[in-house]
Amino acid sequence: EVPGQMHLLFRAELDDKWHPVPHPGHLTDATWKNSWIDCGKEFETVVPNSMGQSGKTMTVRRRLLDESQGPRIEMTVNIHEGDKLLVGPCCTWLQKVSDEGPQPVAWLRRHGKPLKTAEERVQVLEKMHQMLAENIDEISAAHDKDRVFPARFNGVAMMIMHGIRGYQKLVEPWMVPEILVDDCPPPLRAGVEAEYSVVNEPKGVCINISPWNAPVQLSLMPVMAMLAAGNHAVIKPPELVPNVSALLRRLIQKYLDGYVWVEEGNRYAVERLIDEEADHLIFTGGGEIAKSVAARCALHLTPYTLELGGKSPVFFDKNLSEPMLDAGVREIMELKVFKTGQFCCAHDYALVHEDIYENFLAKFKAAVEGLGEKRHVCLLGARQYGALKDKWSVTKGKPFPWTESTSMNDERMSVPFAALLDVPLDDTFLQAEIFAPVLPVLKVAGIEEAIERVNQMPTGKPLIAYCYSEDSCVADMFIAATGSGNIAVNSGPQRMLANFSVCFGGIGCSGSGASFWGKEAMAEYTNRKHIIRPKQGQFAKSYFSGPPPAPS
């Protein structure tokens, strides 16, 4: 018997290709194909070996009827064996009853698969590990289609899978209650002893709004900590990379259905997700959008983590050895060229000691010219490319190295990597995060002036600050006198990001909270629930009106 009203959640790829059926139940191991018959009005679903019956194919056509008949869908079902029609046509109609779309947070709260035991959490992390190991090439291909650089996903996949193994080791000890000392004053105990403990309780359903510059990496890394801590997760991938987002949704449905939900869409999808009042939200992106996200979270008192960026400085100290100076220049190339500069940890501007300024410029020029055509870096989006061109048109800095043949390419949306010299402090490139293959270079008299420049930046404290010095006293001064989320001395960001024991996060305008790695990330998505339990069946009384009576 079919009820008079029921609600269906239908998820499918309308691409005329075979995919695993994402819905639970008797169709779990089936495949299907969904195709438009009349784009926007009618589509067909084909399910071979329907209901486990070999050779029997079910087709379902759904057609949106004319508005004159009301907002309805006509659904027609047929079952064939070869060319022979066995059942059908069977028709029914679906009536629109609401304008509301899917509610992922509510759905996961009601139907999410259990993550209460250590075994369940370790198992779901293993499924994510399998998802990555089996789909590196497919993810790389999607990266390439969407202009995500570097397109090859091998290195990032290895880092994430290493992190998964770390979280799996943390799960069991994380779930053991932590015993606390009872330091209650003896008079208030009144002879009643008690045990105190802390239980790490998952917050519930968490949302991850991920960015376009590292869409798979930053969609999954926070979710790993969420799952390890026992939460379910909703990922809102960036609309700027549609191929990556669609692939991520398909993979999550295949490997992590019931644990993680991928919700595609634009800013309205973000607003709708926030209005579902999730238990925690993390946003990775720019500061201005972060303000809107935080304000909307505040309407519902939803706690949030912000992973932003800012202007991350790099200081080159005097007397750097030639190998150390070469390594520092090479590190800038890695982030500004091979990562396109569109990376929250990229060096935003350089502070170079006046004693090595000319040597630095010579090495920089040689390194840039040695790139050849690779110097021309393709940006991902038209909006980002247009914004950079606008900055170029008004900067007072001098591009270096530069020739008449060096120019931007509007068709490819490519930018020749260059430094900017003699940049005034009020220049547009020093007022906001650059997030592009451009590096302002400022000459400084020493560590004191470098510290002053860092602390006077209008963007506030950066996500990470770099200090390249072989003088430990100088490095100590830089660490003590500058404010930032993280500091790397004689190191690039990868060694910090690849260490599972290191937490990574910003401060102030560069973010708040910690999205990865390790225990601190798990704590971000955890309610640390403190518990008191009196011993020997006694009751621990309160004495707000005065001290308890002396024992008789």
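This is a predicted model: local features need pLDDT of at least 70, side-chain atom pairs count only at pLDDT 80 or more; totals for chains, interfaces and linings use all residues.

Q: Which residues lie nearest the centre of the largest cavity?
A: The space in this cavity comes to about 90 Å³. Its lining has eight nonpolar, three polar and two charged residues. Of the 13 lining residues, those nearest the centre are His143, Pro150, Val156, Gln217 and Lys339.

Q: Which element gives the largest share of the lining of the second largest pocket?
A: The second largest pocket holds about 1,600 Å³ of space. Among its 50 lining residues, Gly285, Gly286, Gly287, Glu288 and Ile289 are the closest to the centre. Two or more lining residues come from each of helix H8 (267-274), strand S12 (280-284), helix H9 (287-300), strand S13 (304-307) and helix H12 (382-394). The largest share, eight residues, is that of H9.

Q: What kind of aromatic pair do Trp212 and Phe435 form?
A: A pair of aromatic rings is described by the distance of the centres and the angle of the planes. For Trp212 and Phe435 the centres are 5.8 Å apart and the planes stand at 85°. Planes over 60 degrees apart count as edge-to-face, so the pair Trp212 and Phe435 is edge-to-face.

Q: How many residues apart in the chain are Trp212 and Phe435?
A: Trp212 sits in the loop between strand S9 (205-209) and helix H6 (217-228). Phe435 belongs to the loop between strand S19 (418-421) and strand S20 (438-444). The pair therefore links distant parts of the chain, with a separation of 223 residues.

Q: Is Phe435 buried or partly exposed?
A: Buried means under 20% relative accessible area. Trp212, at 16%, is buried. Phe435 has a relative accessibility of 23%, so it counts as partly exposed.

Q: What kind of pair do the rings of Phe316 and Phe360 form?
A: Phe316 is in strand S14 (residues 313-316) and Phe360 in helix H11 (residues 357-369), 44 residues apart. Both Phe316 and Phe360 are buried. Their ring centres lie 4.9 Å apart with the planes at 55°, so the pair is tilted.

Q: Which residues do ring pairs link into a cluster with Phe316?
A: The structure has 14 aromatic pairs. One of them joins Phe316 and Phe360. Ring pairs link Phe316 into a cluster with Phe360, Phe364, Phe417, Tyr466 and Tyr468.

Q: Which residues touch the most other members of the largest nonpolar core?
A: Leaving out residues up to four places away in sequence, Phe316 touches Leu325, Gly328, Val329, Ile332, Leu351, Val352, His353, Ile356, Phe360 and Tyr468. A second, separate core has 28 residues, including Leu388 and Ile451. In the largest core, of 93 residues, the members that touch the most others are Tyr167 and Phe316.

Q: What percentage of the residues in the protein chain are buried?
A: The chain has 16 helices and 24 strands, and its C-alpha trace spans about 95 × 85 × 40 Å along the principal axes. Of its 552 residues, the buried ones make up 48%.

Technical notes. Residues are numbered from 1 along each chain as its sequence is written. Side-chain values use heavy atoms; hydrogens and water are left out. A nonpolar core is a set of buried Ala, Val, Leu, Ile, Met, Phe, Trp, Tyr and Cys residues joined through side-chain atoms within 4.5 Å. Buried means under 20% relative accessible area, exposed over 50%, partly exposed in between (1.4 Å probe, protein chains only). Contact means heavy atoms within 4.5 Å. On a 1 Å grid over the protein atoms alone, a cavity is a set of points where a 1.4 Å probe fits but cannot get out, and a pocket is an open set with protein on both sides within 12 Å along at least five of seven lines; lining residues have an atom within 4 Å of a point. Grid points are joined across faces, edges and corners, and a volume is the space filled by probe spheres set on the points. Helices (H or I, at least four residues) and strands (E, at least two) are DSSP runs, numbered from the N terminus. Ala, Val, Leu, Ile, Met, Phe, Trp, Tyr, Cys and Pro count as nonpolar, Asp, Glu, Lys and Arg as charged, and the others, Gly among them, as polar. Rings of Phe, Tyr and Trp (its six-membered ring) pair if their centres lie within 6.5 Å; planes under 30 degrees apart count as stacked, over 60 as edge-to-face and the rest as tilted.
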